[in-house]
Amino acid sequence: MSILDIRGLSVEFPSRKDVFVAARDVNLSIEKGKILGVVGESGAGKSTVGNAVIGLLEAPGRIGTGEIHLDGQRIDNLPAKPMRALRGKRIGMIFQDPLTSLDPLQTVEFQLVETILEHLPVTKQEAQQRAIDLLDQVGIPNPSERVKQYPHQFSGGMRQRVVIALALCAEPEVVIADEPTTALDVSIQAQILELMKKLCTEKNVAMLVITHDMGVIADITDHVAVMYRGDLVEYGETAQVLGAPRHEYTKSLIAAVPRPDVKVERFPQVDYIEGSAKPFKQIDISTHWLGKARDYKAVDGPLLSVKDIDMRFLTKNAWIAKNRQYFQALKKVSFDIMPGETYGLVGESGSGKSTVARVITGLYDPSGGSVNFAGQELTNLRDKKQVLAMRRQMQMIFQDPFSSLNSRMRVRDIVAEPIKFHKLAATNAEAYGIVEDLLEHVGLGAAAGKKFPHEFSGGQRQRISIARALATRPRFLLCDEPTSALDVSIQAQILNLLKDLQEELGLTMLFISHDLAVIRQMCNRVGVMRYGELLEQNETDSLFENPQHPYTKELLSLMPSMELLSTEALAIA
Amino acid sequence: MFGFISRRLVMALVVMVVVALISFLLFRFVGDPVNQMVGIETTPEQREALRERLGLNDPIIVQFVRFIMGAMQFDFGNSYQFKQPVADLIGKRLPATLELSLVSAIFALVVGVPMGVYTGLNRHSPLSKFFLSVSLIGVSLPTFFIGILLIFVFSVTLQWLPSFGRGEVVEIGSWWTTGFLTLSGLKALILPAITLGLFQMTLIMRLIRAEMLEVIRTDYIKFARARGLPNRSINFIHALKNTMVPVITITGLQLGSIIAFAIITETVFQWPGMGLLFLQAVQNVDIPIMAAYLMLTAFIFVVINLAVDILYFVIDPRLRTERSGL
């Protein structure tokens, strides 16, 4: 007997011109104690379905057609008041970002007790006791003390536990979890997923998990629904959908997920999404400006050599030197990168991997140690000319494609800026000619140059960032989480592009990511970081198959298992 | 927290010393005080004697220290104009100004906060649009004009309220007079209080509205809705409290300026407060009064700023953990 039934649900967002349909004819049902996953990329309408169930569609959104039944009772047409009584009491919801879903100015106890008193007929003392019990159930140690604390006194993972406790306050029958682990580190994600699974069976709750992450789906769901641009394209048991997908979109989506266990040469393109790839002008790199004048001296040995880098930040200033407090962000980090190699740095948030990139590019002056690039010591480089020459050879690609491009400049000016700055082209016309070729080459087409960044999607913007990075004809690229803000299918395209460019231009790369699967696909060698220390480094394959350090083993064991996923499509590609 | 407040106290002290220096310099640069005090017939010998008696021949440092020592005991010397101690003059006028400021600050908060919450939550309702248009008047019309307008409508045309003065006042103790206890005193307060508070009210309203619009979009408000909490609790406990930090900053500073700069309103309504006294002092180059007024204003601002800083800690628990680590 299913507890939640969604029948023929359509959600519309009327606008001045027309009606945008965010979800079309969606049929889903969940049984008690089961987990249903809804998976899809951004804009698939998966969150819309969750919001429609709990009656919190953002204005002007509305349910067009269809019905939602909760335990046999129709709830989609309830007036505001009974619907509010339902929220929290019979349907709970968990949000993505635990750092922002709790009121920062109220104690955890206040927020729990307030919710309990709203829904259950208990006294204040009973509610306080229940709040402590709930925190205990979601695995917060020392609950009777911690309940008095404010949200900022909890870590991210602990806060997500508090959020779950809040959602469970009144023992709801259905819990909707919208990207519950997306903002968390792998190790925390594993704990939270396990907790959700446990609570689901213990309390016999039906759970609707909305996510873009195939790993989460494979890990905890019993059934899965795949959505694509508002349509439900495939729906069935998780093992069946992931193992033997029927719909073309599901097949290509699964194929695009990077695997930690299988190494592929190239990611299969999710052509279903972008339509057939537009044929763009083929450029023979060896004769083109981009390939020419790469008059860098060949180096014997490593191109980049980082030795015993220390980095500390002042956290508490004092007049007396010994009272000053520091945060040690990097501790004696050393590694070499050979020419033409891709070196991966992997670690959880706060491990110091981005700090390494900033030290190498000279954004931070290290507190100790040396950085050697192509035989030149960088840490004591003071001559302006030499610094510029170094910067030209090193370029960076940032994580967030939305904030890393100046939204008031046209794309061709964004890409031309480094060329003009480093005086690499004799005339403006020549520079713009180079920009057009670059844009063609990264798959955007020359016409893109006249537009502004906001006219592009995340993946396209990341291509612009890549074109800009290539514009100085660098030989070393630093990629700091270049795809973590992107959908899986787009991520596959960007990773392919980076691989192609590396091959054509002989680029050396430092690739920073928290995603082990991506690292496995991209890198020749990997270093694992934690708390500013480089714990282990090795050839990628050996590290994944035979990890030495306990932390590496732990990280690898925590990755959501991808065994369920079909490998059929990989063979095609 | 203790460390933070003691650092703030030290900074406040520095501010006060600097202001004292500026007030002190008034004496030296706004003309010769002896010339202001004596008539034309005074002989050079008499002038010199007066100079000596006032200590104007001492080294500047000695004079400055004497000034500060005096200021700490509210002793700013005698007013040139009234030949009375400045402290007494100001003490007599202070209750009038403080009562007026208090009433207009309460008016601004009591009316401004609910209007801000309402317009923030019901962005498109006709009432919100009406409030916003009215608030434009508060922002754009100068204070004296609003005061004169109110006098014209309520005193001259309708004859409901008095157009000037404090009405009947009652003495409490030897140094406080209040208008709160008589009907005519209360009636006399209404127009000047509205005139003085209107600008602050519109400012508070617009600020709260902007902050509310921001806060109701946050995840914790969405999550509160998803937990089925009633709107009243969401709007007033979760949303309003989170808008408070910037609002307190501005309100605190505005309270300071209400007290310190009631000059125009007091002039329009002939309100016997400090502002009026100051204006007369400026017209008559009565330097001791100006210096004392400057010091008092600075003191009020410093105290209010300190209070605002402490309020931050009360409202936002995140600040209570001493800035440690990251």
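Predicted model: local features only at pLDDT ≥ 70, side-chain atom pairs only at ≥ 80, totals over all residues.
How close do the axes of helix H5 and helix H8 of chain B come, and at what angle do they cross?

Residues are numbered from 1 along each chain as its sequence is written, chains are lettered from A and ligands numbered from 1 in the order in which they are written, and side-chain values use heavy atoms, with hydrogens and water left out.

To the question, then. The axes of H5(B), residues 86-121, and H8(B), residues 183-215, come within 6 Å and cross at roughly 35°. Axes here are lines fitted to C-alpha atoms, for helices over the stretch in contact, with angles from 0 to 180 degrees between N-to-C directions. The crossing is right-handed, that is, the near helix is turned clockwise from the far one by less than a right angle.

Let us stay with H8(B). Thr202(B) is found in this helix. Thr202(B) counts as buried because its relative accessibility is 1%; buried means under 20% relative accessible area, exposed over 50%, and partly exposed in between, with a 1.4 Å probe and protein chains only. Leaving aside residues up to four places away in sequence, Thr202(B) touches Ser135(B), Gly138(B) and Val139(B), contact being heavy atoms within 4.5 Å.

I turn now to helix H4 of chain B, residues 60-72. Its 13 residues reach 18 Å from first C-alpha to last, close to the 18 Å expected at 1.5 Å a residue. Buried in H4(B) are Gln63(B), Phe64(B), Phe67(B), Gly70(B) and Ala71(B). These residues lie on the same side of H4(B) because they cover an arc of only 125° around the axis, taken from the directions from the helix axis to the C-beta atoms. On the other side of H4(B), Ile61(B) and Met72(B) are exposed. The cover over the buried residues includes helix H1 (2-29) and helix H13 (287-315) of chain B. After H4(B) comes Phe74(B), with a positive phi near 55°.

Finally, the chain as a whole. Chain B has 13 helices and 2 strands, defined as DSSP runs numbered from the N terminus, helices (H or I) of at least four residues and strands (E) of at least two. Its C-alpha trace spans about 85 × 65 × 35 Å along the principal axes. Of its 326 residues, 44% count as buried.

Definitions and conventions
Expected span 1.5 Å × (residues − 1).
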